[in-house]
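Here is a short briefing on one protein chain. Look over the sequence and the 3D view before reading the points that follow.

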Amino acid sequence: MKNPKSRPKSDPENSPESNSKSNPAGSRTGKAGINWRHILMLQVIVFVYSMISMLSKQVSSLISANGLFSWQTICGVGGVFLALAIYAFFWQKILKKVDLSVAYANKAVGLLWTLLWSSLMFQEKISAGNVLGLVIICAGVLVVTGNE
């Protein structure tokens, strides 16, 4: 007589390890190689994140001009939180498709977007050192992404 509480012996055909080998995209450790669509999605997400930095600077100037509890400041802070929520949602989605090392390496390209924002929106000067540092960082991102 079988004991209903006893567990069946593990079947190697249906084990999680065999499923990850047959479906590499479904497992955390056996993801298929990264493709350009994933890189583009990562860059859009990083772009949104860089916009949050720009919005935060705008909100800080609103606080200085209008006070902490003005409707402009409250709307600005709400906009920052909304942008952060959108960023967090899509960041979690992309982490399901890409290795963490690749995702964080691409997040460094946010410095490019931040440099552009600082120049276009706040008329800050871009030095040769800024450009050199950015080139080195982008080269590092290409090295990490190229290995995947």
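The accessible surface of the chain comes to about 10400 Å², and carbon and sulfur atoms account for 67% of that area. The model is predicted. Within the chain there are 6 helices and 0 strands.

**Overall build**
- Read from the N terminus, the elements follow the order α-α-α-α-α-α.
- The chain has 148 residues, and 24% of them are buried.
- Of the contacts between residues at least 6 apart in sequence, 73% join residues at least 24 apart.

- I94 lies in helix 3, which covers residues 71-95.
- Is I94 buried or exposed? I94 has a relative accessible area of 0%, so this residue is buried.
- Leaving aside residues up to four places away in sequence, I94 touches H38, M41, L42 and I45.

- H38 belongs to helix 2, made up of residues 36-66.
- The relative accessibility of H38 is 11%. Buried means under 20% relative accessible area, so H38 counts as buried.
- With residues up to four places away in sequence again left out, H38 touches I94, K97 and V98.

**The pair together**
- How many residues apart along the chain are I94 and H38? They are 56 residues apart, while their C-alpha atoms are separated by 7.5 Å.
- I94 is in helix 3 and H38 is in helix 2, and H38 is among the residues that I94 touches.

Conventions: Residues numbered from 1 in each chain as written. Predicted model: local features only at pLDDT ≥ 70, side-chain atom pairs only at ≥ 80, totals over all residues. Heavy atoms only, no water. Helix = DSSP H or I, 4+ residues; strand = E, 2+ residues; numbered from the N terminus. Buried < 20%, exposed > 50% of the residue type's maximum accessible area, 1.4 Å probe, protein only. Contact = heavy atoms within 4.5 Å. Areas by Shrake-Rupley, 256 points an atom, 1.4 Å probe, with all protein chains shown as cover.
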